[in-house]
Amino acid sequence: KIIFYLTAPWDEIDKRLNERGGRKRLEELTYLQKVDKAYKRLFESLSNVVYFNTEGKSIQENTELLIAEMNKR
């Protein structure tokens with residue numbers, strides 16, 4: 001089994017959340033950064049985690065790259 005952890009730079013995440021409008025409390029960057037650190041601590045001992053930077057890619061491109069990565073394994 002593979003765990004894909006999709007990431008982007010914080011400024012990109014902030015931009016994407018702003019584009020949605022009506023940001024919720026759990027979408028605030030300070031909270032998300034704490035969650036990110038917790039996940040990274042959890043994942044550091046696992047060999048089946050693939051970190052995947054989504055910056056600058058469309059949903060279609062990201063989907064194709066994820067599928068290609070799954071097919072490699």
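This briefing walks through the fold, the confidence and the salt bridges of the chain above.

What you're looking at is a predicted model, so local features need pLDDT of at least 70, side-chain atom pairs count only at pLDDT 80 or more, and totals for chains, interfaces and linings use all residues. Residues are numbered from 1 along each chain as its sequence is written, and side-chain values use heavy atoms, with hydrogens and water left out. The chain has three helices and two strands, and the structure holds seven salt bridges.

**Fold and overall numbers**

- Reading from the N terminus, the elements go β-α-α-β-α; helices (H or I, at least four residues) and strands (E, at least two) are DSSP runs, numbered from the N terminus.
- The C-alpha trace spans about 40 × 30 × 15 Å along its principal axes.
- Of the 73 residues, 22% count as buried; buried is under 20% relative accessible area, exposed is over 50%, and partly exposed is in between (1.4 Å probe, protein chains only).
- Among contacts between residues at least 6 apart in sequence, 59% join residues at least 24 apart, where a contact is heavy atoms within 4.5 Å.

**Confidence**

- The average pLDDT is 92, and 100% of the residues score at least 70; pLDDT is the predictor's confidence in each residue, from 0 to 100.
- Helix α2 comes out highest, at 96, while α3 is lowest, at a mean of 91.

**Charges**

- There are 14 positive and 12 negative side chains, and the centres of the two sets lie 6 Å apart.
- For that count, Lys and Arg are positive and Asp and Glu negative, leaving out His and the chain ends; each charge is placed at NZ of Lys, CZ of Arg, CG of Asp or CD of Glu.
- Side chains of opposite charge can pair when their charged atoms come close.
- A salt bridge here is a side-chain nitrogen of Lys or Arg within 4 Å of a carboxyl oxygen of Asp or Glu.

- D36 sits in helix α2, which covers residues 29-43.
- D36 counts as buried because its relative accessibility is 11%.
- Leaving aside residues up to four places away in sequence, D36 touches Y5 and W10.
- The D36 side chain also meets that of K40 in a salt bridge, at 3.2 Å from N to O.
- D36 and K40 are four residues apart in helix α2, so about one helical turn separates them.
- K40 has 38% relative accessibility, so K40 counts as partly exposed.

**E69 and its two partners**

- E69 has a salt bridge to K72, with the closest N and O atoms 3.2 Å apart.
- Both E69 and K72 belong to helix α3 (residues 59-72), where they are three residues apart, about one turn of the helix.
- E69 is buried, as its relative accessible area is 15%, whereas K72 is exposed at 64%.
- The side chain of E69 also meets that of R73 in a salt bridge, at 3.0 Å from N to O.
- R73 is exposed, with a relative accessible area of 56%.
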